[in-house]
Amino acid sequence: MASPVEQLSTVKAKIAAAEHEAGREAGAVTLVAVSKTFDAADIRPVIEVGQRIFGENRVQEAQAKWPALKAAFPDIELHLIGPLQSNKAREAVALFDVIETVDREKIAAELAKEMARQDRSPKLYVQVNTGSEPQKAGIEPREAVAFVARCRDVHGLAIEGLMCIPPADENPGPHFALLEKLAREAGVEKLSMGMSGDYETAIAFGATSVRVGSAIFGSR
């Protein structure tokens, strides 16, 4: 098994090839290295070769390892890519630079309150449940555009992009196409879509960031 540093290099090369294949500018796609369940000792070598953008699923787990890493490497950008409970909004706003999983009114209201209280403005994405899966977080596709507007108009939140996790057993392409269409309708520019198994496909459909974990760090 190649080391995470070697795997990172492979993933970056594949992203560059996929950008080229899709006729997109080099560097158009941001790599979010998903470090959930890995500890600081596993993550540090990847930081030391220049990776600066990371994704975590759980607020509590991130709190245990990232404050020290962020103190050592101040230019790290940390993304919350897992579901956010409203009672964790305070901690999420304090720790994360990007929150990708805004998906309901209560969360939007809590984030607005905490961002004002802490005078901190993480970038925000709305998570869309493109497969309408009952067990999965995310707003229904038919409600997404109106929800983005409400986040802006009612809660004063600047929504930067949309995020999705397609159903595991379906072709991801139509889900990526749907997210891209919804982003255009909602007037947002960023698309967080694509994971270890399908990030090259996501790039072809316009992803601006891909969330890659196991292809870098190995299986959990």
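A: Gladly, and let us begin with a helix, α7. Among what covers the buried residues of α7 are β5 (123-128), α6 (141-153), β6 (159-164), β7 (190-192) and α8 (199-204). Helices (H or I, at least four residues) and strands (E, at least two) are DSSP runs, numbered from the N terminus. Contact means heavy atoms within 4.5 Å, and buried means under 20% relative accessible area, exposed over 50%, partly exposed in between (1.4 Å probe, protein chains only). This is a predicted model, where local features need pLDDT of at least 70, side-chain atom pairs count only at pLDDT 80 or more, and totals for chains, interfaces and linings use all residues. Residues are numbered from 1 along each chain as its sequence is written, and side-chain values use heavy atoms, with hydrogens and water left out.

Q: Which residues of α7 are buried?

A: They are G173, H175, F176, L179, L182, A183 and A186. The helix covers residues 173-186, 14 residues in total, and reaches 20 Å from its first C-alpha to its last, close to the 20 Å expected. That expected span is 1.5 Å times one less than the number of residues. After α7 comes G187, with a positive phi near 75°.

Q: Which residues does L162 touch?

A: Leaving out residues up to four places away in sequence, L162 touches Y125, V126, V128, V148, L179, L182, A183, V188, K190, L191 and S192. L162 lies in strand β6 and is buried, with a relative accessible area of 1%.

Q: How should I read side chains along a strand?

A: In a regular strand the side chains alternate between the two faces of the sheet. Here, strand β8 (residues 209-212) points S209 and R211 one way and V210 and V212 the other way, and all are buried. β8 runs parallel to β1, joined by 4 bridges; the bridge partner of L31 in β8 is V210.

Q: Why is strand β4 described as largely enclosed by the rest of the structure?

A: Because 5 of the 5 residues of β4 (residues 98-102) are buried. Two strands pair if DSSP finds at least two bridges between them. Strand β3 (residues 77-80) pairs with β4 in the parallel sense over 2 bridges, and L80 stands opposite I99 in β4.

Q: What should I look for in phi angles?

A: Most residues other than glycine have a negative phi, and most peptide bonds are trans. T37 is not a glycine, yet has a positive phi of about 70°; T37 is found in the loop between β1 (30-34) and α2 (40-48). S132, also not a glycine, has a positive phi of about 45°. S132 sits in the loop between β5 and α6 and is partly exposed, with a relative accessible area of 36%.

Q: What volume does the largest pocket have, and which residues are closest to its centre?

A: On a 1 Å grid over the protein atoms alone, a pocket is an open set of points where a 1.4 Å probe fits, with protein on both sides within 12 Å along at least five of seven lines; lining residues have an atom within 4 Å of a point. Grid points are joined across faces, edges and corners, and a volume is the space filled by probe spheres set on the points. The largest pocket has a volume of about 400 Å³. Of its 24 lining residues, the closest to the centre are K36, I81, I165, M195 and R211.
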